[in-house]
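Subject: A structure for you to look at

Hello,

I am handing over the structure we talked about, and my notes follow below it. Please have a look at the model first and then read on.

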Amino acid sequence: MTLDHDLLHQLLGDSLLPRDERSEFLAALDRPPPGAIRWRDELVERDWRESVSHIVSDEPIAWHPRGRFVAPEARPSQTIAFAAGDYYIQDAGSLLASRLLKAAEGEVICDLCASPGGKSTAILEDIGDSGWLLANEAIRTRLPALEFNLARHGSPRFAVSQLDPDSLADRVGPIFDAVLVDAPCSGQTLVSRGKQSDASWSMRQVEHSAARQQRILTAAARLVRPGGRLVYSTCTFAVEENEARVEQFLAEHRGWSQFPCDELRRWQSPLLESAYRLWPHRDGCAGAFAARLIRTTDESESERTNTARRWSERARRRRQIELPPGFDAWGVLENAEVRGDAQRCFAWPIGAPGEMIEAACSGPEVAFRKGNTWFPSFALALRRDDAWSPNQTMSIDAPQAAAYLRGESLPCDRRGWLVVEYAGHRLGWAKSDGRQAKNQLPKPARLERIGEAG
């Protein structure tokens, strides 16, 4: 690492990191952090934890109840449980923001800078079968990764939007119980993971990122209902991008206060009581920053009027479409609001917030069209709600599951579309001609090196 102590002092100041730790911190930046996963509560409830015991170490991630560090030499991306969406692979540091957000069942949440989806899928697990998530990603090229990870997760209680934060705030207003801003940043914690260059340490890059972060935070504040929460997080160490952004936000926005979290006091920043930091040399991760604020004042009369008018205008434009022709050959979908266009079809459970759906560019996909033919979506096969049930399923064993996940076809004496299942886990679609079930798994979902043990 070429970072010297003078620049480190410029980035971190005097009180954030003791001088006797700085050499250790710099040394840790030259080492890749250990891998980590976040598993779903259902994994424990179904006793599937045993099936992934060989990939996790005995050490839990102290700041998140569903986090575990990965065992050395393990390949967590090459298991059947991973393909089925039972856990998500992410740096342990990224779990800090999810823990601080503390989404609860029934809440309506916005993940404002959502791709690739790790925090969005964690939110879906926390809000359960009664909450809603709007996963926004302003950069179009980052949408496919977000949509894929949400599809594999299986919950249909989300919408995806592709809007600048200011535009999103203009469209939906302050409707969210909580907003997560995992802001674009200089990415200093990514250096040790080989995903960022040493240029991330330059003050020019830090200042450029800080200006963008302040604009995003200001927009995010317009999305939070009175009494709601705002969590701001980054994957960088610089004070200018972290505590300084929160302090400036509080100075410029009346009606907002710090909102500390007692459970995370061990990682509290010495610069701000509602901010928390993880360090690579202390916490065995790449590093992370997160802070939590609460909106303490009621919305103004103009906010109420404008939001009501925006919703009233959009409500008149709302329309539902029919499921595409041939859908009944795949299965049954009930109690859903179906929307789409000539190429894609989405279906939300009844009761989704209208403002959220109107802002969406996509959501829980159920079908897509190639040429003149409609096909069932990968997301539909993995959909985890009572409204959807496939007409046919095909139960397979572990060696067959490994072959299917590699993209191979399987012998089958039935005909038509089938959802392939292993031990109760839905893995994707196959279409059988009575002799062979042709694999319909999309390429991003395939696991080329999976072993039979999974």
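A definition to begin with: a residue is called buried under 20% relative accessible area, exposed over 50%, and partly exposed in between (1.4 Å probe, protein chains only). This is a predicted model, in which local features need pLDDT of at least 70 and side-chain atom pairs count only at pLDDT 80 or more, while totals for chains, interfaces and linings use all residues. Residues are numbered from 1 along each chain as its sequence is written, and side-chain values use heavy atoms, with hydrogens and water left out.

Let me start with the aromatic rings. Rings of Phe, Tyr and Trp (its six-membered ring) pair if their centres lie within 6.5 Å; planes under 30 degrees apart count as stacked, over 60 as edge-to-face and the rest as tilted. There are 16 aromatic pairs in the structure. In one of them, Phe375 and Trp417, the ring centres are 6.3 Å apart and the planes stand at 80°, so this pair is edge-to-face. Phe375 belongs to strand β18 (residues 373-376) and Trp417 to strand β22, so the pair ties together parts that are 42 residues apart in sequence. Strands (E, at least two residues) and helices (H or I, at least four) are DSSP runs, numbered from the N terminus. Phe375 is partly exposed because its relative accessibility is 23%, whereas Trp417, at 9%, is buried.

Next comes helix α15 (residues 398-405). Six of its eight residues are buried, so the helix is largely enclosed by the rest of the structure. These are Ala398, Ala401, Ala402, Ala403, Tyr404 and Leu405. The elements that cover them include α4 (80-83), β20 (393-396) and β22 (415-422), where contact means heavy atoms within 4.5 Å. Just after α15, Gly407 has a positive phi of about 100°.

Finally, have a look at Ser186, in the loop between β8 (176-182) and α9 (203-221). Ser186 is buried, with a relative accessible area of 2%. Its side chain makes polar contacts with the side chains of Thr236, at 2.8 Å, and Glu241, at 2.5 Å. A polar contact is a pair of N or O atoms within 3.5 Å; within protein, one must be able to donate a hydrogen and the other to accept it, and residues adjacent in sequence count only if both atoms are side-chain atoms.

Enjoy exploring!

Best wishes
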